[in-house]
Amino acid sequence: MIKELDTIVLTIDLPEFGLHAGDLGTGVLVHKHGGYEVEFVTLEGETVVVMSLALVHVRPGGHREIAHARLVTVK
């Protein structure tokens with residue numbers, strides 16, 4: 001179960017937002033009827049996008065996973 005402020009892993013590409021499967025976000029709200037409001041930020045804390053995502057488009061981050069950095073265009 002994903003809770004607010006948990007690290008969330010995106011499981012799909014969303015090129016219109018500059019996001020790729022595997023990008024990390026933070027769950028900022030758990031919707032009553034399923035899904036999450038997720039914020040994606042740069043390593044310096046600049047918000048890339050805040051969006052609602054369905055349960056099938058995210059998963060919790062795992063303890064044995066490692067982060068990966070890449071450039072993103074912030075709009």
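**Close-up 1. V9 and L24 face each other where β1 and β2 meet.** In this predicted model, V9 stands opposite L24, a residue of β2. The two strands, β1 and β2, run antiparallel and are paired over three bridges.

Close-up 2. Follow β2 (24–30) onward and you pass through a loop to β3 (36–41). These two strands pair in the antiparallel sense, with four bridges between them. Look for G27, which stands opposite V38 in β3. Five residues lie between the two strands of the hairpin.

**Close-up 3. G34 sits in the turn of the hairpin.** What is the phi of G34 in the turn? It is positive, at about 105 degrees. To place G34 against another part of the chain, find I8: the two residues are 26 apart in sequence, and their C-alpha atoms are 15 Å apart in space.

**Close-up 4. The largest nonpolar core brings together 13 residues.** Within this core, the residues with the most contacts are L19, F40, M51 and L53. The elements giving two or more residues to the core are β1, β3 and β4 (47–53). Which of the elements gives the largest share? That is β4, with four residues. As general background, nonpolar side chains in soluble globular proteins tend to be buried together.

**Close-up 5. L53 has contacts with residues well along the chain from it in both directions.** Setting aside its neighbours within four places in sequence, L53 touches L10, L14, G35, Y36, V38, F40 and V58.

**Close-up 6. The largest pocket has a volume of about 710 Å³**. Its lining is made up of 28 residues, and D23, L24, V41, L43 and H68 lie nearest the centre. Here L24 returns, the residue seen opposite V9 in the opening view. Strands β1 (7–10), β2 and β3 each supply at least two residues of the lining. By type, the lining residues are 13 nonpolar, ten polar and five charged.

Definitions and conventions. Residues are numbered from 1 along each chain as its sequence is written. This is a predicted model: local features need pLDDT of at least 70, side-chain atom pairs count only at pLDDT 80 or more; totals for chains, interfaces and linings use all residues. Side-chain values use heavy atoms; hydrogens and water are left out. On a 1 Å grid over the protein atoms alone, a cavity is a set of points where a 1.4 Å probe fits but cannot get out, and a pocket is an open set with protein on both sides within 12 Å along at least five of seven lines; lining residues have an atom within 4 Å of a point. Grid points are joined across faces, edges and corners, and a volume is the space filled by probe spheres set on the points. Ala, Val, Leu, Ile, Met, Phe, Trp, Tyr, Cys and Pro count as nonpolar, Asp, Glu, Lys and Arg as charged, and the others, Gly among them, as polar. Two strands pair if DSSP finds at least two bridges between them. A nonpolar core is a set of buried Ala, Val, Leu, Ile, Met, Phe, Trp, Tyr and Cys residues joined through side-chain atoms within 4.5 Å. Buried means under 20% relative accessible area, exposed over 50%, partly exposed in between (1.4 Å probe, protein chains only). Contact means heavy atoms within 4.5 Å.
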